[in-house]
Amino acid sequence: MKNDRRRPARGGRPARPGAGKQTPQKGKPAQKKSPAKKAPSVRFDEPAPLPEEPRVFRLGVIPGATPGKWVDLWKQRMPHVEIELVPISVSAQRRHLDELDAGIVRMPVEHPDALHVIPLYDELPVVVASAESHLMAGDQLQADDLAGEVLITPADDVLGDLALPTVAPRFAQLASTEDAIATAATGTGIVVVPMSLARLHHRKDADYRLLAGGPTSTVGLAWRREATTPDVEAFVGIVRGRTANSSR
């Protein structure tokens, strides 16, 4: 006897209840849709911030100082504030600070209680003499090597008494370090100055050598306590090596 039960047509199998719905995997919670983010409200009537007033940051600079790296960083970080370098003398540096935002000075500075002063670096002393002098034979000099040499001390000297076994010149005191080095280049004597001044007044007929154990000279940044402005703080951050994003 033939089997009258017929097979269901392909694709005609009835769908099971719940078929086609994704069920969460065991051990994993069902993911919820995150709510749509609201767009920030915009106030079209809000006034635009006022531009900063043009201004100038005036920085005093003693002879021999080289603030070029700091000036370049200032121009990158503070393009809206012009920086002006003002040459100042060491003898009058304290008076100049009253007219400046800040100054690169040679320490010590008069009336330090009225100032903020940050030491920046120490300069080594060098002996400047004629390029043909026997003193230029070695890489550095000791105090005893200068015995009997004529020590020329200009009126703008910044090192003070050196206690060297030298002799004083028989001619009148020269007004400037530049004049003293020009005289030493003739073989008349020697000059002892911080290295930056020897480089500043470099001559083909003169040379210099390090004076081992000689007195160093400290260069610092100074400004009036009562005049600590955001611009001053920005420059202090630059000389201290802070990045543009670092906090004070």
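A search of the whole structure, which is a predicted model, identified 3 aromatic pairs, where rings of Phe, Tyr and Trp (its six-membered ring) pair if their centres lie within 6.5 Å, and planes under 30 degrees apart count as stacked, over 60 as edge-to-face and the rest as tilted. The ring centres of Phe57 and Trp74 are 4.8 Å apart with their planes at 25 degrees, so this pair is stacked. Helices (H or I, at least four residues) and strands (E, at least two) are DSSP runs, numbered from the N terminus. Phe57 counts as buried at 1% relative accessibility, and Trp74 is buried at 0%; buried denotes under 20% relative accessible area, exposed over 50%, and partly exposed in between (1.4 Å probe, protein chains only). Together with Phe235, these two residues form one aromatic cluster.

Residues are numbered from 1 along each chain as its sequence is written, and side-chain values use heavy atoms, with hydrogens and water left out. Local features need pLDDT of at least 70 and side-chain atom pairs count only at pLDDT 80 or more, whereas totals for chains, interfaces and linings use all residues.

The largest nonpolar core comprises 25 residues, and those with the most contacts inside it are Phe57, Leu59, Trp74, Leu221 and Phe235. Such a core is a set of buried Ala, Val, Leu, Ile, Met, Phe, Trp, Tyr and Cys residues joined through side-chain atoms within 4.5 Å. At least two residues of this core come from each of S1, H1, strand S2 (81-87), strand S3 (102-106), strand S9 (217-224) and helix H5 (230-239); H5 gives the most, with 5 residues. Apart from this core lies another, of 13 residues, among them Val127, Leu151, Leu159 and Leu164.

Helix H5 is mostly covered, 7 of its 10 residues being buried: Asp231, Val232, Phe235, Val236, Gly237, Ile238 and Val239. The cover over these buried residues includes S1, H1, S2, strand S4 (115-123) and S9. Leaving aside neighbours within four places in sequence, Phe235 is in contact (heavy atoms within 4.5 Å) with Phe57, Leu59, Trp70, Trp74, Ile83 and Leu221. H5 is followed by Gly241, whose phi is positive, near 85 degrees.

Elsewhere, 4 strands form an open sheet of mixed pairing in the order S6-S8-S5-S7, two strands being paired if DSSP finds at least two bridges between them. Strand S6 (140-141) and strand S7 (191-194) are the edge strands, each pairing on one side only. S6 and strand S8 (residues 206-211) run parallel and are joined by 2 bridges; Leu141 stands opposite Leu211 in S8.

In the loop between S1 and H1 lies Thr66, which is exposed, with a relative accessible area of 67%. The C-alpha atoms of Thr66 and Ser196 are separated by 8.7 Å, although the residues are 130 apart along the chain.

The largest pocket has a volume of about 420 Å³. On a 1 Å grid over the protein atoms alone, a pocket is an open set of points where a 1.4 Å probe fits, with protein on both sides within 12 Å along at least five of seven lines; lining residues have an atom within 4 Å of a point. Grid points are joined across faces, edges and corners, and a volume is the space filled by probe spheres set on the points. Of the 21 lining residues, Ser89, Val90, Ser91, Asp156 and Val158 are the closest to the pocket centre.
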